[in-house]
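Please go through the structure shown here with attention to its strand pairing, its helix packing, its nonpolar cores and its backbone exceptions. The points are grouped by topic.

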Amino acid sequence: ELPLAQPHPEPSATALADFVHLLRLASDPDWLRCLIWLLAAYRPHGPYPILILQGPAHCGKSHAARLLRACIDPNRAPLHPLPSSPKKLRELAYENWVLAFDHVTRFPCRLAESLARLTENEIFYLPPKDDQTPLSLARPIILTVAESCYIPPEIAARALFARLLPLSDVARKTQSQLEAAANELLPHVLTHLLRALKSAVQGRHSVNFPSLPRLPDAFVWAAAAAGALETTPDAFRQVLAELPDPLVERVVAFMQNRSHWKGTASQLAAEIGLDGPTNQLSRQLFQAQDALKLQGLTLARNHGHSFRTLEIVKVEEKS
């Protein structure tokens, strides 16, 4: 572990805007999602959202993950590869407050289930083996995810997605330059976050809404802190209501210049660059029918003698 940055007594008014620039986030909603995750990660107990950083290759996702973890739980080894088993995942959770996994390209089924449970209540048994003591673990999680990675539904439902801008040659910096900029900026950012947390602690029980969006615990906490961050609870509600479906987004992009496509689920997976299990792709697509219709696409399943095919048609073309 490393110490947190010393909060600056007179923080720069532009510190958070400069932090967004340093993170290279693509839009204001992406920043609000990161902010919800940051504020929730300071809570002493879960449930916690999972922050998924996405973007083109070499756009700075790993650097952004390091910066976000440094605001809460600085560490000499801030990023880890996704562990190979649920047991190793629980051991990392026992030793770290924030779990940051880098370059995730696929989610093994059992590991996805443990990651989902770890946002709220994953059980870890303390030694000795003959008298095990159960310990409930809940941890804030960051994932930097490849564009081609399939996001399981149990992860997507608990996730906040933030996209990063492509990195041009002009914007590229050395590691020492990035670290110097972060070291200068983090004390100012931390002061703004701590002031927001003060508002959240004081006002979280007085915040009342007729209805709550998904990730309600994180929303209430962020809404109580909104006044100290020059934003509004409605802005946080809106970005939580916008749940991107990575599979739908990928199919929509694939059909952008097409009016019709027909083939097997395996062929579709190859076409859209899906690195994940294809045996459930058909079922997942039909579960996302409504979202596809909103994007102007209809889906049909055709049964052949030896195989099944999928058919995707643009609504206007079908009409």
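**Briefing on the predicted model**

Strand β7 (residues 260-263) is joined by 4 bridges to strand β9 (residues 308-314), and the two run antiparallel; strands pair when DSSP finds at least two bridges between them, and strands (E, at least two residues) and helices (H or I, at least four) are DSSP runs numbered from the N terminus. This is a predicted model, in which local features need pLDDT of at least 70 and side-chain atom pairs count only at pLDDT 80 or more, while totals for chains, interfaces and linings use all residues. Residues are numbered from 1 along each chain as its sequence is written, and side-chain values use heavy atoms, with hydrogens and water left out.

**Strand β7**
- Within the pairing, Gly263 stands opposite Leu310 in β9.
- The covered face of β7 carries Trp261 and Gly263, whereas His260 and Lys262 are on the uncovered one.
- In a regular strand, side chains alternate between the two faces of the sheet.

**Packing of α2 and α9**
- Helix α2 (residues 28-41) packs against helix α9 (residues 233-241) at an angle of about 100 degrees, with their axes 10 Å apart; axes are lines fitted to C-alpha atoms over the stretch in contact, and angles run from 0 to 180 degrees between N-to-C directions.
- The two helices, α2 and α9, are therefore roughly perpendicular to each other, a term that covers angles of 65 to 115 degrees.
- From α2, Pro29, Leu32, Arg33, Leu35 and Ile36 meet Ala235, Phe236, Val239 and Leu240 of α9, where contact means heavy atoms within 4.5 Å.

**Nonpolar cores**
- The largest nonpolar core has 57 residues, and those with the most contacts inside it include Phe19, Trp31 and Trp37; such a core is a set of buried Ala, Val, Leu, Ile, Met, Phe, Trp, Tyr and Cys residues joined through side-chain atoms within 4.5 Å.
- Helix α2 gives the most to this core, with 10 residues.
- Apart from its neighbours within four places in sequence, Trp31 is in contact with Leu16, Phe19, Val20, Leu23, Leu25 and Leu38.

**Backbone exceptions**
- Arg24, in the loop between α1 (15-23) and α2, has a positive phi of about 65 degrees although it is not a glycine, and at 18% relative accessibility Arg24 counts as buried (under 20% relative accessible area, 1.4 Å probe, protein chains only).
- Glu230 also has a positive phi, of about 55 degrees, but Glu230 is exposed, with a relative accessible area of 79% (exposed means over 50%).
- A cis peptide bond with omega of about 5 degrees joins Gly46 and Pro47.

Note on methods:
Angles under 35 degrees count as roughly parallel, over 145 as roughly antiparallel, 65 to 115 as roughly perpendicular and the rest as oblique.
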